[in-house]
Amino acid sequence: MLSSSSPWVLGIDLGTTNTAAVGFGAGQKNPVSILHGRNQPVIPSVVSLKNPMMPLVGWLAKDMLLTDPLTTIFGWKRFIGRSERSEYVSRYRDRFPFQIHADPGGELGAVVNGQVYSFSRIAAVVLDQVRLQASAALQCDVRDCVITVPAHFANHQRKAVMDAGAQAGLRVLRLINEPTAAALAFGMDQRLETRVLIFDLGGGTFDATVLELTDNIFDVMATRGDGFLGGIDFDRAVQNKLVEHCRSRHGVDPAQDKVVMQRLLSAAENAKVALTGAERHTVHVPMLGHDRRGRPFDLEMTIDREELEQLTAHLVERTLGIVEEMFSTAALTPRDIEHVIMVGGMSRMPLVRRRLQELMGKPPLTHLDPETAIAHGAALVARGEGDLAGMVLLDVLSVPVGLVFPGGRTEFVFETNTRLPARRRVNLPDPQEGRDMVVGVWQGPDITSSERQVLGVVRVPTPLMGSASPRVLEFHMGEGMELNVAFVSPTHRVPLTVEPPARG
Ligand code: AMP
């Protein structure tokens, strides 16, 4: 492991759309935002592999999206650590201009010139850029960091982010959940006694989390999210409208041309952002194509805020549905929440604010910067060497973990919202004569879901089981979701391993 003597540590919010980084120096009172460009405290999480030997990252890469969409990789966070047979992957892969496939090791990635670049490698390119920019800005070699991940990320997704950090030469002290980081930015050192809802709507993912803050204890009570709900879905809704306009006004169907579709998507995002501040916006995309008579045309179309709201209301309602589901699983109501904190760039949209305010019966707090609050919270943890220096962080499991026994019986060992760390015991079925028992461990909403991921298998040797009764497996899940298992009988306790699955 790398050791770092730098007086600076980093909090990194590795977002679907943008990445923010905040540095904290030894003896400094306030953290500083590191990444800047085009008047924003972030860089786009975009990598251009036009020349794979010299990838471009950030704003320059985002510019390449318009001209080279097949080699410009964005939105990768939606896929990192997922399996190729995931229903999400089959449903969404066609919406990206670049091809998505598993590499020979079974890890999903983008295909550029016939070669698969795994998404953890793409993430590493972004993180490497963050490290370089931070080191240049702070004039020292900065490597220690805390990286945030969505609360709904399962083990494989977390592991892929850890791997990416290591590939980028960073020393990842720990991962923390994005909403928890936002709560830390909100409540650290304030000795509050309050219950907050963190509503985190970013570019590609959504998380709703309730935390109870008591003194310096940050207790996650419930969390729920969707890895495929974010700003890009709003952009696509507007893009569809622009496509319709091209068809009806110019008699041209742009859907087959990936470059044109990318230009429309970018214009759609600009319109969406502009309509946060303005009531009307005119989309203008010069020289978009040729009409039926072969004449070049510009796309020009005015869209107002009300229309945007009609086009995207179903997405906003989906976020509220997730909040309500989370409330009901945790037996909470909006009245139990004192403060509503919105983070993620997409939470700036007036409709999102209005509808959440209606649901919660109180206005959201807006004093945290939605773009850097999460990185700020992560930097506070990094400052404590990954410890919370006086803070107690009580987190819960967002995606349940289950077992499958020989014969096919399944059961959950850790349910959603289980407080971590946690210990659970399960009784093993009777062993088959002379055979080791193999118990599968998986994570997902249920065993039949295509989102289920195999965490590994536990092999219980025959001699160990002998005539012991009862035969028990004890599972322990740590704060960082690391899983340990032991065989327990009335006479002995033997640690076993969770053997990782063969990939593919
Ligand atoms: P994040 O992942 O938190 O950086 O959020 C990025 C998303 O927020 C993108 O979809 C942006 O288009 C969106 N976004 C940023 N600023 C605004 C704004 N002022 N109004 C609406 N959406 C915005």
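1. At roughly what angle do the axes of helix α5 and helix α10 cross? For α5 (residues 178-187) and α10 (residues 373-383) the crossing is at roughly 80°, and the axes come within 7 Å. The two helices are therefore roughly perpendicular to each other (angles under 35 degrees count as roughly parallel, over 145 as roughly antiparallel, 65 to 115 as roughly perpendicular and the rest as oblique). Axes are lines fitted to C-alpha atoms, for helices over the stretch in contact, with angles from 0 to 180 degrees between N-to-C directions. Helices (H or I, at least four residues) and strands (E, at least two) are DSSP runs numbered from the N terminus.

2. This is a predicted model, in which local features need pLDDT of at least 70 and side-chain atom pairs count only at pLDDT 80 or more, while totals for chains, interfaces and linings use all residues. Residues are numbered from 1 along each chain as its sequence is written, and side-chain values use heavy atoms, with hydrogens and water left out.

3. On the α5 side, Glu178, Ala181, Ala182, Leu184 and Ala185 make the contact with α10 (heavy atoms within 4.5 Å); among their partners in α10 are Ile374, His376, Leu380 and Val381. By class this contact has 9 nonpolar, 2 polar and 1 charged residues. Ala, Val, Leu, Ile, Met, Phe, Trp, Tyr, Cys and Pro count as nonpolar, Asp, Glu, Lys and Arg as charged, and the others, Gly among them, as polar.

4. Helix α6 (residues 231-250) packs on helix α7 (residues 258-277) at about 115°, with the axes 8 Å apart. That makes α6 roughly perpendicular to α7. Residues of α6 including Phe234, Arg236 and Leu242 meet a set in α7 that includes Met261, Leu265, Glu269 and Lys272. The contact has 9 nonpolar, 2 polar and 4 charged residues.

5. The largest pocket holds about 1200 Å³ of space. Its lining numbers 45 residues, and Thr17, Asn18, Lys62, Glu269 and Lys272 lie nearest the centre. Elements giving two or more residues to this lining are β2 (18-25), α1 (59-67), α6 and α7. Helix α7 supplies the largest share, 8 residues. A pocket here is an open set of points on a 1 Å grid over the protein atoms alone, where a 1.4 Å probe fits, with protein on both sides within 12 Å along at least five of seven lines; lining residues have an atom within 4 Å of a point.

6. Two backbone details remain. Leucine 420 and proline 421 are joined by a cis peptide bond with omega about -5°. Glutamine 139, in the loop between α3 (119-138) and β11 (144-149), has phi near 55°, a positive value in a residue other than glycine.

How values were computed: Points joined across faces, edges and corners; volume = space filled by probe spheres on them.
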